[in-house]
Amino acid sequence: MSIKNTRTFLTFTLLILSIICNIYAQDSFYNVKEYGATGDGQALESSFIQKAIDACSENGGGTVYLPAGVYRSGTIVLKSNIRLYLEARAKILGSSDRNDYQVITPDFPSRTNDLYVNRSVIYAENAENISIEGKGVIDGNGLIPVFNIKRPQIHRPYLVRFINCKNLTIRDVRLVEAANWTLHLLGCKQVVVDGLKIFASHRENRDGIDIDGCQDVAISNCDIVSGDDAIVLKSTGPAICKNIMVTNCKLTSQASAFKMGTESTGGFENITFSNSIITNVKEHTAIAMMMVDGGTLRNVTINNIVMDSVSVPFFIRLGDRARPYKKGLPPASTGSVENINISNVIVTNSGLSSHVTGLHKKKIKNISFSNITIVDNQAYKGIPLPYNEVPFKESHYPMGQMYGSNLPSSTFYFRNIEGLKLDNINIKHSQRDNRPSIVLDRITNMKIKGVSADTQNKAPLAYLRNIEKGAIFESSNYGVSNYLTHIEHSNCKNVSLKSDLMFEDQRASKQVDGLPDRIFEDIKGKSFKDFNQTTSLGLPSYPLKEGKQSFSLEKTVNFPFKLMVLNYSNGSPETLQFKIKNNTYSLQITNKSWGWNAVTVEEIFKGDKKVIIEMLPVNGSSVFVSKIVLVPTKVTD
């Protein structure tokens with residue numbers, strides 16, 4: 001080698017060494033054993049781990065390293081520029097003493113601040129550039145009696161909780177037996193969750209991953225077995241959950257596998273869930289979207305999913321529980337759901353019918369199912385609900401089993417939708433079921449193409465009622481029914497049926513008599529007020545423009561309640577006001593047909609035998625009120 005080449009080589013070598021030195025200087029290692037930790041599984045080690053974190057933070061950041069061992073710990077608070085690394089045989093084990101966990105109430109607005117849990121094993125707030133990595137284990141020790149496997153939830157700490165953090169990475173670690181939610185990310189941005197293995201054996205609120213009011217989140221390559229929801233997107237405050245990608249995951253759950261809601265205040269936007277496997281969801285739903293506390297859900301893509309042994313494959317719900325995220329706030333306004341595309345899904349061994357239902361006063365918009373194969377495994381032996389008597393349950397807690405097993409459809413039930421598209425849907429019934437595969441009610445702008453079912457009975461492929469502008473073509477029923485569809489002719493308009501796939505003696509449709517609609521259901525509450533003044537609307541009610549009304553409701557419960565108001569407005573949105581004990585509660589009414597609306601009253605009326613309510617007048621109002629019901633509220637999420 002020449003002198004010139006030798007100098008060049010030495011210069012290059014020194015440059016590489018300099019870069020390596022700078023890298024190690026920027027990513028210094030802080031071994032927790034050098035700060036007093038032993039890893040013997042007996043002593044409380046959280047103070048020593050925290051010393052290593054604090055020293056690392058004071059020096060500009062780096063890696064806090066946990067070598068092999070068991071580190072019993074209370075709360076550990078991560079800080080900016082910290083990488084917490086667990087070696088393969090390292091375990092952080094949650095302390096069995098609740099007093100070892102710091103009580104921390106975040107500043108970030110969320111329902112979880114006041115009503116949920118204020119303790120965590122690993123916690124960070126307002127930090128950036130932080131990560132948890134390695135092949136080690138973080139064990140919440142959540143099954144010990146001190147945490148009380150069931151409620152109250154506030155006694156059970158989160159396993160990992162990050163709030164309002166930026167540039168966050170959680171990779172490869174195992175998270176097991178959390179006492180509460182396993183991984184809760186609230187208001188975080190630019191998040192990578194990759195390669196996690198999560199295991200939680202018990203049901204009560206042992207979620208796997210909760211993405212709550214976060215933005216720009218990528219979740220991939222995770223294997224989750226959870227007692228409650230596996231991956232759930234929430235919006236427990238005004239922050240929107242936006243730009244979320246979940247892919248290449250395997251999910252098993254005793255509740256729902258992939259879910260959005262129920263808490264929905266800030267809404268959800270730009271969500272994708274793809275290339276994943278869902279198995280053994282025996283109680284709730286494989287894929288659920290539930291907007292019941294306001295907010296908008298829009299632009300959701302579900303693609304390339306395989307499901308096996310699931311109770312309900314799909315559940316999409318626009319409801320009106322109207323619960324505010326914080327005590328003292330007005331009830332949430334009615335939310336909305338729009339632009340959902342579900343494609344390339346195979347479902348085997350499914351149980352109950354999937355259902356997509358909007359509100360009587362507000363429809364879900366633009367829903368598409370394409371390239372779906374569903375094989376069920378249950379023999380239905382019950383008596384289905386009549387087509388016109390499926391309850392609305394608009395204010396109820398939503399779940400895939402909210403209608404029981406007696407929906408009038410075996411596979412899909414659709415109601416209150418504007419813009420529904422079904423394309424290439426293949427349905428196979430492994431057991432005898434006398435219900436139609438699909439029931440469609442209150443649908444506007446419907447397009448059904450290439451839908452087929454092996455019904456094994458005389459039921460039609462689909463039953464249609466209250467349809468306006470719809471087309472069914474290139475579809476088939478491989479059962480013994482003489483008809484592809486049954487249509488309530490008196491309440492369906494502009495419906496076209498064309499198919500060259502019918503068998504001998506089959507016809508496209510059979511016209512059946514229209515069933516009288518149940519315009520509303522009776523909501524059961526502790527007490528109620530009926531307004532029996534007859535109006536031209538055909539339902540006894542009271543026109544608000546005629547003046548204020550004062551009335552009393554018998555009070556038989558000593559906790560917060562909501563007023564359910566059955567009302568109607570034929571004009572622009574109006575605000576209906578109630579005065580209760582000098583406090584005024586408002587309700588915006590937007591429906592142009594009869595429907596229930598909720599006013600949540602957070603105040604507690606201890607010892608009162610009656611609640612005096614004054615309904616204030618609105619000059620020129622077009623609102624009619626028919627009934628008010630007092631319903632006790634429940635904390636269920």
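Residues are termed buried when their relative accessible area is under 20%, exposed when it is over 50%, and partly exposed in between (1.4 Å probe, protein chains only). The structure is a predicted model, in which local features need pLDDT of at least 70 and side-chain atom pairs count only at pLDDT 80 or more, while totals for chains, interfaces and linings use all residues. Residues are numbered from 1 along each chain as its sequence is written, and side-chain values use heavy atoms, with hydrogens and water left out.

Of the 637 residues in the protein chain, 56% are buried, and the secondary structure comprises three helices and 44 strands, where helices (H or I, at least four residues) and strands (E, at least two) are DSSP runs numbered from the N terminus.

In a regular strand the side chains alternate between the two faces of the sheet. Strands are taken to pair if DSSP finds at least two bridges between them; β40 is joined to strand β41 (residues 583–589) by seven bridges in the antiparallel sense, and the two form a hairpin with two residues between them, K581 in the turn having a positive phi of about 50°. Three bridges also join β40, again antiparallel, to strand β43 (residues 610–615). I580 has N583 as its bridge partner in β41 and I613 in β43.

Strand β19 runs parallel to strand β16 (residues 197–199), with three bridges, and pairs in the parallel sense with strand β22 (residues 250–253) over four bridges. I224 is the bridge partner of I198, and its partner in β22 is L251.
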